[in-house]
Amino acid sequence: MGWVICLIACTVYMMTKEATVSFWDCGEFISGAAKMEVVHSPGAPLFLMIGRLFVIILGGIKNAAFAINSLSAISSGFTILFLFWTITHFAKRIVLRTNDEISSSDLLKIMGAGVVGALAYTFSDTFWFSAVEGEVYALSSFLTALVFWMILKWEDRITHTQDIQADRWIVLIAFIMGLSTGVHLLNLLTIPAIVMVYYFKRYEVTTWGTVWAFVIGCVITGFVQYGVIQAIPVLCMNMDIIFVNSFSLPFNSGVLFTIIALGVIMYFLIRWAKAKGHYFVHLGTICVIFILIGYSPYVSTIIRSNADVPIDMTNPDNAITLIKYVQREQYGKVPLLFGPDYNSQAIGMKEGSMQYWKGPKKYEELGEKQDEREYAAGETRFFPRIWDDNQQSHVQYYMNYLGLNEGDRPTGRDNLSFFFGYQVNQMWWRYFCWNYIGRQNDIQNIMGEPQNGNWVSGISFLDKSRVGDMSKMPEAYKNNRAYNKLFFLPFILGLLGFFFHFQHDRRNSFVVGLLFFFTGLAIVIYLNNTPIQPRERDYAYAGATYAFAIWIGLGVMMVSDLLKKIGLGAMSPAIASALCLVAVPILMASQEWDDHDRSQKTLALASARNYLNSCEPNAILFTEGDNDTYPLWYAQEIEGIRTDVRMVNISLLGIDWYIDQLSFAINKAERVPLIWKPEQYRGELRNYMRFIDKGLPQDKYVNLTEALQFAGSEESGAKVRLQGGEEENYFPTKNFSIPVDKELVRKNKIVNDPDSAIVNEVQFTIPENVAYKNDLAILNIIAANAWKRPIYFANSIDPSHYEGLQEYLQLEGLAYKLIPVRTPGSTVNSPRRVNADKCVDLVLNKFEFGNADKTNIFYDQTNRRMMNSPRILAVQLCEYLTANNRKEDAIKVLDKMCNSVSERSFPTIVTPEDKSMILIADGYMKAGATDKAKKLIDKIVKFIEQDIMYKNTLPENKRSAKEDDWRFQIYSLQYLAGSAMNSGMQDTYKMLADKVNVLGQGLPQQQGPQ
């Protein structure tokens, strides 16, 4: 029966897996697995190795997406297999507590529990999402399910205190634990539950014994995480520094010595333990050895990094950089036990440890790393939840959430209020409820908005008090395919299973409870999430939904017993199984299939093609986020698309190892030159640069190359002395110039229009007061390039990274090209210089939309956000074409955009985040397509009317959350009314003006600037 359920799960996941690459990290992982490259820290070397094997078996590099997505699907299917066996193990234990034998009726009850629980998890929202894309979470879930099942197999096999045959399962568990570190560290959170199984089986159970077993489980978890995974590499690093720098031995000699020394110590420890009869020392030492053997795939990370592969995150090619890789140094530190509040006053920086880098012959000192602030007594608290991460947007969120004003000191109650209200409720419980109670829609909930991404049951009177009357919502929300109504049924069945488990097998219910706690609430505590996350984080808590699925299965047994009590007799197990099967897994599958089926979705690859095809040959393209970078890596590495374009990710550009890698050619893309040498940006050096006014004339523009050479100089004349006595480099002005070789510009086709007024020098002003290392690197690249290659900025990056060059940017597809032609008043939001012919050709003939014209494919919010980029391009292009008397082309562009994306794939929504349909309707009016504009306006008005009607159904304390949307919608109607009047659409103008008067009644006046 387990294998049948496994086959069902594998079939479901293979049928619904993504057709090609997905957004977020999938492009990186698929590329990394296909070519054994180095993905972001802390890495996943085992996942990459297994993924590479799947690529080889399933057709090679060109089929890499199919192969890695299949790996996730099959891993997830086998996770369901081990879940089934886990549930039936617990069910069997319960039956045998009261019966000597398992009757046919009992067998049916046990099988029913396994089937219902396993299939419930099969169709759960979070797990299904990870099962159909090329990410690490599916394989991690498989390993988690495997080790938990293994300790139950040990429990079945153990016969006495020192049973060597049975304890081989413990050694195997240790090995799998070690292997799992090469996929994801979530697997380690099963250790406390495993230790409790071990204790309950081997020892006489007491209250204090249970407490100590729990503590020991936590200690072992910490030992593996910090004592093995991190401490041993740190020891290797320190020994290598000593051997290389003090003894002049080759690189890695200290690492080899440490490994050999550990091996010798382990060998003699095993011999001593065996000779003295210390069984548990002997077993523990063997387990540590096998954890280390399982950890060994990280050797492949060092090997591949030394090969300088195209994707080489953190460049962990030696002992020092491997530590930074494993410890996730680039992501910073998160306080757990003690730390500051968001407004605590720092008094300086803590002294850090000496930092090194691998020089030609030895490890060179970089100076002490000072990345931790020091706070006075009373400025930190125990269990900091509203902590200082130097993000102003987070500070404002904390204040708004807690109702504090500027200068107010948060209390301990405020700290716990944020913990329970945001971190526990918003960032965990909400996700858990998605899986087993129901989900409102797929829209990310950032500020606790009542209309976005909440859990709902589908029972109207229960949901209404929290999220309003959903029947009054706009159709775009009401018909959202992620609106999954489960009516509490899986949750109720799980609760019944928990009570049944606790009643009949208290110890094992405690074991499952520990698994639930450590893969849920413990992760909440450990992650210490800050607000305004870039995406929903439900995937981090899949382990808790796995544990609860065990109780869902056991709930069938309680239902069976209840049916038996009302007189159904021997038929009760079959009836209970059938009822629960229909009420839970089948209901979940019917509700969630449409929003988890990605079998025809190809938008991520289409988006990557569109970005790359916007660039001229041999271009440099600046990107910033995951979704405008990783799919492009996939397109180049796997599909071989536009490998001549050199991508530069601005988010990584502030780190020295990434800047170093610009000096390598990748695929067909040439190296990227810089003005600075590596020693000028190594480590923490020149992480930022201040602009300090030295009295230069306001109209004086300094040559950018000379300014960078000045800022990179170690001479005292190029530095300014600070109050503390230390010196740092600076820029004496914000005004810079880039010389222009007009012949070279024309030769390299940097400017395509021969009639363009090419300037003698590009003059620009940096808008910020501080330039950080990534901005300094951008300036280095622009200066060193000197018009030899086209430079593009993706239209998705933060405008601050345009470095004040907006008037020299020309819109070309989904990117802005830097050209030596000034267009006064041009901005990225309203570009006045557009390569219109190229843009029209791209939109009408070359852009792809990933099957978005079909109505049977669900595009979630991430997909819709990425589809907004070509929409905004169409609007900008339409505005330019209309202004230049090319209205027919403008209408064609808007038609192409509207016809390529169906209303079902991207419904009409009017919110501050999504204003594209407002702009498209405006574009149609200005281009003279009034009939098409009218149809869009009708949809817009209908949405706004329904949304305001929905707002009025919300409880009074939640209506303020919709106020910004309401205000934006009224402003949008006013904007369209003005455009309609200017376009001669008098009836439309009157209708819109009337709607503004009616729908805007009661809108509070906005405080401050609009």
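Q: Which residues of the largest nonpolar core touch the most other members?

A: In general, nonpolar side chains in soluble globular proteins tend to be buried together. A nonpolar core here is a set of buried Ala, Val, Leu, Ile, Met, Phe, Trp, Tyr and Cys residues joined through side-chain atoms within 4.5 Å; buried means under 20% relative accessible area, exposed over 50%, and partly exposed in between, with a 1.4 Å probe and protein chains only. The largest such core has 315 residues, and Tyr 13, Phe 47 and Leu 653 touch the most other members. This is a predicted model, in which local features need pLDDT of at least 70 and side-chain atom pairs count only at pLDDT 80 or more, while totals for chains, interfaces and linings use all residues. Residues are numbered from 1 along each chain as its sequence is written, and side-chain values use heavy atoms, with hydrogens and water left out.

Q: With which residues is Tyr 13 in contact, leaving aside its neighbours within four places in sequence?

A: Contact means heavy atoms within 4.5 Å. The partners of Tyr 13 include Ala 73, Ile 80, Tyr 121, Phe 127 and Trp 128.

Q: In what order do the four strands of the open sheet stand?

A: Strands (E, at least two residues) and helices (H or I, at least four) are DSSP runs numbered from the N terminus, and two strands pair if DSSP finds at least two bridges between them. The order is S13-S14-S11-S17, with mixed pairing. Strands S13 (719-721) and S17 (770-772) are the edges, each pairing on one side only. Between S11 (residues 688-691) and S17, three bridges form an antiparallel pairing, in which Arg 690 stands opposite Val 770.

Q: Which strands does helix H30 touch?

A: Axes are lines fitted to C-alpha atoms, for helices over the stretch in contact, and angles run from 0 to 180 degrees between N-to-C directions. Helix H30 (residues 773-785) packs on the sheet and touches S11, S14 and S17, its direction making about 80 degrees with that of S17. Because 13 of its 13 residues are buried, H30 is largely enclosed by the rest of the structure. After H30 comes Ala 786, with a positive phi near 50 degrees.

Q: Is strand S15 paired parallel or antiparallel with S16?

A: Five bridges join S15 (residues 735-739) to S16 (residues 761-765), and the two run antiparallel. Phe 736 has Phe 764 as its bridge partner in S16. Strand S12 (residues 702-703), by contrast, runs parallel to S15 through two bridges. Four of the five residues of S15 are buried.
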